[in-house]
Amino acid sequence: MKTINIRQAFPEDWIRVLHNIANLFYEDTTIVHGDNEADMYFDLAYEVQHNYTVATSATMTVAGQTFTNTYEKQYDTAGTEKEVRIRCKRALSHVMLDCLEQFTGVTQEWGILTGVRPTKLFHKYRKQGMPEAEIFATLQADYRISDGKIELMKEIVERQLATIPDLDNIGREISVYIGIPFCPTKCAYCTFPAYAIQSNRKVGRVDTFLDGLHIEIREMGKWLTDNNMKITSIYWGGGTPTSIEAHEMDALYKTMFESFPNPETIREITVEAGRPDTITPEKIDVLKKWGIDRISVNPQSYTDETLKAIGRHHTVQETIDKFWLSRNSGMNNINMDLIIGLPNEGIEEFQNSLDESAKMQPESLTVHTLSFKRASEMTRNKDKYKVADRDTVAEMMNMAQVWTKEHDYVPYYLYRQKNILGNLENVGYSKVGEESIYNIVIMEEVQTILGIGCGASSKFVNPETGKIWQFHNPKDPAAYIMTFAESIDKKIEQLDELYNRQLVK
């Protein structure tokens, strides 16, 4: 915990940006002002000059040492009031970051970038017609991103465009997320809607939830059909959507295919099987019946002690067995997830996870860096979970990059999170041609994602302006059961406003 005194009075949203910069270096920093005592002190200044230049300076005082930095950038136009505020916040981030790098000796490879979706920036400049060399220079100068991370962004963008050639025009289609909020148990790092299925089944909540979900699928399918909307991809998530029984899955898929328009044109359907302890031959038979062969079988780790520590009630051997059950039963596109930095795991344990992955060669491998999510059990009880230091997690990420290249995987999507170990990233790798369309469109925010089910978020993207807004279904099954009809009405209202305006032409 570090207390940082920013002596100047800035608007709350400016302080929030500077707070995010401080959190790149220290966990749980606190920002204070005025005469309050602190571990370090910042004097920050900015000026918007007549020639559209924003100039900033910083002086940091800590432990008897002083660090300074200045930064300025000239723009071509005066900019709107909102644009000028963004310019100033960005320029102040530059000088604060530089002082903290001087003091700590830590270089932030993502620079001042604290957002979730770095590759959106690359796409933005690409769509503006900016040459590649200029994109590189802009990302370096304006955001202080390292050459290595920019190269990663470039490789991902190229793979995305190869996977979805019409990526820039896909906004007139729609993708669908369907959430099943149940799991066998809840993992310690998880903040997704994930409720113990057995206890909820005892009180009848699972059956009642499924009744509501069938209704929501039918009603949203009716709107999609009536408005001749083309569906790009469908993703069943949660929770763990294979937590429910095989006959319940079968009934849901039947409703989906009966309700959604032109199912034969849907490019991709994924079921996030996730937990190996939910996969059975009967459930695989249901998936095959409906032509679904894209699933996840997620190990997270290949160390049994780690699985116990994080609350995953399955063994390493069960992961391996369920992978081969799925593969030998006709699942042709299997994703597996690994998490870097899980409790008590270091280089040796992660190397073991990579070695085990090599034996199975899933079509895609998503490498996550552990993030301390605010509402997770792991965050609430940090002292209980010993995790790797910054240098170790960085080395493990490098190991993943080397391993995937050696085994003919390519990176195709990337996202970041707050409170992520080492200020690193999560990267989805795949064999060429096996990329997930859904993962690309949701990360790059290029089209509306219609959320159905418990905890599902609908992200509405205006296909003309790119403006984004969201609507969230309740996370708790009991709340969903009480309000799903109201959620249907609100989403239809949003869809009518967005698409009837845009597509009436």
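Helices here are DSSP runs of H or I with at least four residues, strands are runs of E with at least two, and both are numbered from the N terminus.

## What you're looking at

This is a predicted model, where local features need pLDDT of at least 70 and side-chain atom pairs count only at pLDDT 80 or more, while totals for chains, interfaces and linings use all residues. Residues are numbered from 1 along each chain as its sequence is written, and side-chain values use heavy atoms, leaving out hydrogens and water.

## An acidic patch

Asp-147, Glu-151, Glu-155 and Glu-158 together make a negative surface patch. For a patch, residues need over 30% relative accessible area and no salt bridge, and like charges are joined within 9 Å. A salt bridge means a side-chain nitrogen of Lys or Arg within 4 Å of a carboxyl oxygen of Asp or Glu.

Glu-155 sits in helix 5, which covers residues 147-163. With a relative accessible area of 39%, Glu-155 is partly exposed (buried is under 20%, exposed is over 50%, and partly exposed is in between, using a 1.4 Å probe and protein chains only).

Gly-238 and Gly-239 are joined by a cis peptide bond, with omega about 20°. Gly-239 belongs to the loop between strand 9 (231-238) and helix 8 (246-259).

Then there are positive phi values outside glycine. Asn-344 has phi of about 65° and lies in the loop between strand 12 (333-340) and helix 12 (347-360); its relative accessibility is 54%, so Asn-344 counts as exposed. Asp-408 has a positive phi near 65°, in the loop linking helix 14 (390-406) and strand 14 (409-415). Asp-408 counts as exposed because its relative accessibility is 57%.

Key
Patches are made of residues with over 30% relative accessible area and no salt bridge: like charges are joined within 9 Å, nonpolar side chains (Val, Leu, Ile, Met, Phe, Trp, Tyr) within 5 Å. Accessible areas come from the Shrake-Rupley method with a 1.4 Å probe; for residues, only the protein chains shown count as cover. Lys and Arg count as positive and Asp and Glu as negative; His and the chain ends are not counted. The place of a charge is taken as NZ of Lys, CZ of Arg, CG of Asp or CD of Glu.
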